[in-house]
Amino acid sequence: MNLHRCRIVFAVGSLCVMLTSSRAEVTGPTAYGKTADGTAVEQYVLKNKNGMVAKLITFGATVTELEVPDKKGKTADVVLGFDTVAGYQSEDNQYFGCTTGRVCNRIAKGKFTLDGKEYKLAVNNGENHLHGGAKRSLDRVVWKAEPLKDKNAVRFTYSSPDGEEGYPGKLDVSVTYTLTDKNELRIEYAATTDKATPVNLTNHSYFNLSGHGSDTILDHELTIPADKYTPTDEGLIPTGKIADVAGTPIDFNKPTKIGARIEKLVKTPTLGYDHNFVLGKHDLTTPIATVRDPKSGRVLTVYTDQPAVQLYTGNFLKGQKGKGGKVYKHQSALCLETQHYPDSVNHPEFPSIILKPGQTYKHVCVYAFSAE
Ligand code: GLA
């Protein structure tokens, strides 16, 4: 090719790139709807230059949509959710995309003792406390939000009064979602308190890398480089043991299809995967989980600074209707919830989740997407 033709090809190529790629931008707030008690809920939209889109609402500081390109550049919405606030407030909502807390996961019998005082929490999961309570848990309240345009981010804040859902202390929480041009949704949490109190936050996005409403995630291939987990009793409360994954269906050190061994778990109390992995030495540059979807080629890589991750394979999904009328059948999505160990407040041998006045709780979780 001579130089002149080469220049023309290059110019046309650059024009195509300019036409197909978009700029990173934050839009919002826009009105999303109202809660049953009439509180306005707002939406924010983050876009990056590769066409990835994250939609977020102030109800529960929730991720409602995540448009991710596949290997051909075709995007699909890879998270479960609803189209309305009423959907998010309905019985069909099993914590889709929300910020979960003050303490995510379970607390045995909804009780703990701190500095000699016993605290009683809502019992909303058998005889135990789950995901911060029944009425005013962080996923059920409307947060304040501000766009951070120069960072392509939105920061949500909520001030939980002393005693809310039975937890001590006024807790000021923030969750910042950033969409990077490396196709990462970065979630950064911070919290401060005026009394010692337990804090363990997470994001509860349900992923199906073929797109929400697709078939089960049993063909998704998962890697979790972790040698240990916290075995649980019939109520999914840790027994206190830190057990080896080796020789069990919970060993994901080598890439394995989620469906390869799940049958061995369906008759156990977890009904599938609902396990908390103890993460070995890692930092924000070491993947703690990788999920590959052979159909779309989409890959989700998770990074965190937290000591554990809960793998949950949508064992309680019941065929409820979500966005666009799509049906969310049993095991049609998975959650990788970065966090501390469950019921840490009742296990002094586990890393502590007690936040004291003057300290700041911090947690980073990165959901990074690619395609191959
Ligand atoms: C978590 C738990 C599951 C289940 C879901 C919500 O992931 O580990 O047992 O309660 O939340 O349905």
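This is a predicted model: local features need pLDDT of at least 70, side-chain atom pairs count only at pLDDT 80 or more; totals for chains, interfaces and linings use all residues.
Let me start with the ligand. Which residues come nearest to the ligand? There are 13 residues around the ligand, and Arg 106, His 131, His 204, Asp 274 and Glu 337 come nearest.

Some of the contacts can be given with a distance. For Arg 106, a polar side-chain atom sits 2.8 Å from an oxygen atom of the ligand. In the side chain of His 204, an N or O atom is 2.9 Å from an oxygen atom of the ligand. Gln 310 also has a polar side-chain atom, 3.3 Å from an oxygen atom of the ligand. How much of the ligand does the protein cover? On its own the ligand has 300 Å² of accessible area, and the protein covers 96% of that.

Next, empty space. Rolling a probe the size of a water molecule over the atoms shows where such space is left. I will take the pockets, then the cavity.

The largest pocket holds about 630 Å³ of space. Its lining consists of 28 residues, and those nearest the centre of the pocket are Asn 93, Gln 94, Tyr 95, Leu 130 and His 131. His 131 is also one of the residues that come nearest to the ligand. Sorted by class, the lining of this largest pocket contains 10 nonpolar, 11 polar and 7 charged residues.

Tyr 95 deserves a comment of its own. Tyr 95 is not a glycine, and yet its phi is positive, at about 70 degrees.

By class, the lining of the second largest pocket splits into 5 nonpolar, 4 polar and 4 charged residues.

Now the cavity. The structure has 1 cavity of 30 Å³ or more, and the volume of the largest cavity is about 40 Å³. The residues that line the largest cavity include Arg 106, Asp 274 and Gln 310, along with Asn 105, Thr 230, Thr 232 and others. Strand E21 gives the largest share of the cavity lining, 3 residues. The lining of the largest cavity divides into 2 nonpolar, 6 polar and 2 charged residues.

E21 takes us to a sheet. This sheet is open, has 5 strands with antiparallel pairing, and runs in the order E19-E18-E21-E24-E27. Which strands are at the edges? They are E19, residues 243-244, and E27, residues 335-339, and each of them pairs on one side only. Glu 337, one of the residues that come nearest to the ligand, falls within the range of E27. Further in, E18 (228-229) and E21 (274-278) are joined by 2 bridges in the antiparallel sense. Lys 228 has Val 278 of E21 as its bridge partner.

There is also a hairpin to look at. Strands E8 (111-114) and E9 (117-120) run antiparallel, with 4 bridges between them. Lys 111 is opposite Lys 120 of E9. How many residues lie between E8 and E9? There are 2, and in that turn Asp 115 has a positive phi of about 50 degrees.

Last, two cis peptide bonds. One runs from Gly 28 to Pro 29, with omega near 10 degrees, and Pro 29 belongs to strand E1, residues 25-34. Another joins Gly 101 and Arg 102, with omega about 10 degrees. Where is Arg 102? It lies in the loop between E6 (99-100) and E7 (106-107). The range of E7 takes in residue 106, and Arg 106 is one of the residues nearest to the ligand.

That is the end of my talk.

Terms used:
Residues are numbered from 1 along each chain as its sequence is written. Side-chain values use heavy atoms; hydrogens and water are left out. Two strands pair if DSSP finds at least two bridges between them. On a 1 Å grid over the protein atoms alone, a cavity is a set of points where a 1.4 Å probe fits but cannot get out, and a pocket is an open set with protein on both sides within 12 Å along at least five of seven lines; lining residues have an atom within 4 Å of a point. Grid points are joined across faces, edges and corners, and a volume is the space filled by probe spheres set on the points. Ala, Val, Leu, Ile, Met, Phe, Trp, Tyr, Cys and Pro count as nonpolar, Asp, Glu, Lys and Arg as charged, and the others, Gly among them, as polar. A residue is near a molecule or strand if one of its heavy atoms lies within 4 Å of it. A polar contact is a pair of N or O atoms within 3.5 Å; within protein, one must be able to donate a hydrogen and the other to accept it, and residues adjacent in sequence count only if both atoms are side-chain atoms. Accessible areas come from the Shrake-Rupley method with a 1.4 Å probe; for residues, only the protein chains shown count as cover.
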